Amino acid sequence: MKKGVSRFLRKAYRFGKDMAKPFAYIFFAAQEYYLRKHPDKEKLPVTVIGEGSKIHPRAFIAKQGVVIGRNCLIEADAVILEHTILEDNVRVMQGSVIGSDGFVRLKVGKHIISRHSRGKLIIRSGAIIGPHCCVDRAFWRSNTVVGNHSVLGSNIYVAHDVYIGDKCIIFTGAMLAGRAKVDDEATVGFNCSVSNDLIIGKRAIVFPGSVVTKDVPPGAMVSGNFAINHSKHMLILREIASQSVGIL
Amino acid sequence: MRLSEFTNVGGRLVRDKEFSSLGRVRDWQKNRLVFITDSKELDLLNRDQNISAVITYESLAKYIPESLGLLIVDNPEKAFSKIHLTLMARKDFYPRDFKNDISSDAVIHETAVISDNSVRIGRNCRIGPKAFIGPHTEIGDGVTIGPGTIIGADWGNLISNDSDIFLARAGGVKIGKKVWLHCNCVIERSIFGGLTEIGDYTYLDSLVSVGAGAKIGRACIIVAAAIIGQSACLDDEIWVGPNAVIAEGVRVGRKGSISLGSVVIDDVPAGKKVTGNFAVDHMKFIDFMRRFK
């Protein structure tokens, strides 16, 4: 299946172009049919754990399809499922679930189509996954990536096909929806929500509590629900504060 | 059950009335007994047809409608918790304990923890690693429960700052058929008789937390990290976006849609899309945002 076609139909579906919508449904149904007809026949290799890695006895690691590099630290109650690759010096904290299936659900009339994941999850060297996070694996033969030396706080949700670059900081409670891309050295603040298919540019800063619905250019600062330029947002807030009656 | 049966509570009984459940003012259970300590809640009494009796202060008693039962006490919270504890001791009011009934078809992971009593698990269920299932949980057929999900979380409930007023939980959780719960979800056990309910064919993504006594209808999709407050009532085929918050006791109508990151504090009519913090009509919100371009 060509990637470009898939992308076009996905976009068409997203913007609700009525003409393309039925075709998108047909496409997804066909894809799902193909996946069911041709299940993964390749046998998963036995889990490999590199030397110097410390794994807590209460952590659960799938018996197949996991690769763990050297000097990793897996804490208590962490769950690492199939199709996951951890490079060297990765730290996974308490209660995190790594490598679960992506949550792809489509509504067709009264019914909901759920789709199977087939991709992988790669966590690059030096990354830290905080306590109680969920990181999903990719959906269609691609990878969810957490970059080198990136830090994820606690209670973070990273959806399928997300790409997190190097040295990013994602703060507690943030959530990145499907196929979002966070470029190198970007910061996503506490409890932010990032909508799907978005790109957060290099060294951009998303302020705490923002809801990002549009691409953030490199180096920009955004805040608010929905997120707009930070300095503009502060001006608006000052205007509201100066008026006796709110502008709403 | 009548108010006059609880003589141990004390206070002055003005109007005796029958009730069949306990609950909060913002709740969905029928024929219920509530307590009121704040004059702001009085407005809701007139709107809600399901309340049958009220416990309150002397000062608020004159505002209570004539049709409702009324008990006047010095400390409504304390009286309410006392009635709750009395009913728990009687064992004929709240759901009773039963023997574990776990289908042999269910695939339960070796690291999952399941309570010793009062758990019912249907056919073809799959329960992932490190999942926890507490007492008084009923799970239908074909349910998938992801890793680390907690069903029937129970940490009691404080209803006031006074540390000796404490509501032990007596209810449970009911999950319909073919429900999908992803990783690290938390579903609380209900405090009173009405169970925390999740309807058939509903999908919950990771890190979703559902409060005590919340009711979710059929074929809903609730996306990651959403929070559904206590006693919130969601109808069928609702879409709740990522990181959205639905406050306590809010009702969302059929086919309602709640955008990502919105905070809903008021009822949403059927078929409507709401956005923002606090949530308003989606198109109005977009028009408002256009001003700042």
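The model is predicted, so local features are given only where pLDDT is at least 70 and side-chain atom pairs only at pLDDT 80 or more, while totals for chains, interfaces and linings use all residues. Residues are numbered from 1 along each chain as its sequence is written, and chains are lettered from A and ligands numbered from 1 in the order in which they are written.

Helices and strands here are DSSP runs numbered from the N terminus (helices H or I with at least four residues, strands E with at least two), and two strands pair if DSSP finds at least two bridges between them. In chain A, eight strands form an open sheet in the order β1-β4-β7-β12-β15-β18-β21-β24, with parallel pairing. The edges of this sheet are β1 (48-49) and β24 (199-200) of chain A, each of which pairs on one side only. Within the sheet, β7 (residues 84-86) and β12 (residues 120-123) of chain A are joined in the parallel sense by three bridges. There, A:Ile85 stands opposite A:Ile122 of β12(A). In a regular strand the side chains alternate between the two faces of the sheet.

Helix α3 of chain A covers residues 230-242. Its 13 residues should span 18 Å at 1.5 Å a residue, and the end C-alpha atoms are 18 Å apart, which agrees; the expected span is 1.5 Å times one less than the number of residues. Burial is judged by C-beta atoms placed from the backbone: a residue is buried if 20 or more others lie within 10 Å of its own, exposed if 12 or fewer, and partly exposed in between. The number of buried residues among the 13 of α3(A) is zero, so the helix lies largely in the open.

Chain B also has parallel strand pairs. Strand β14 (residues 150-153) of chain B is joined to β11 (residues 132-133) of chain B by two bridges, and to β17 (residues 186-188) of chain B by three. B:Ile150 takes part in both pairings: its bridge partner is B:Phe132 in the former and B:Val186 in the latter.

Most residues other than glycine have a negative phi, and most peptide bonds are trans. B:Asn31, in the loop between β2 (21-22) and β3 (32-36) of chain B, has a positive phi of about 55° although it is not a glycine. With 16 C-beta neighbours inside 10 Å, B:Asn31 counts as partly exposed. B:His136 has a positive phi of about 60° and sits in the loop between β11 and β12 (137-139) of chain B; with 26 C-beta neighbours inside 10 Å, B:His136 counts as buried. Cis peptide bonds occur from A:Asn225 to A:Phe226, with omega near -5°, and from B:Asn277 to B:Phe278, also with omega near -5°. A:Phe226 lies in the loop between β27 (221-223) and β28 (228-229) of chain A, and B:Phe278 in the loop between β30 (273-275) and β31 (280-281) of chain B.
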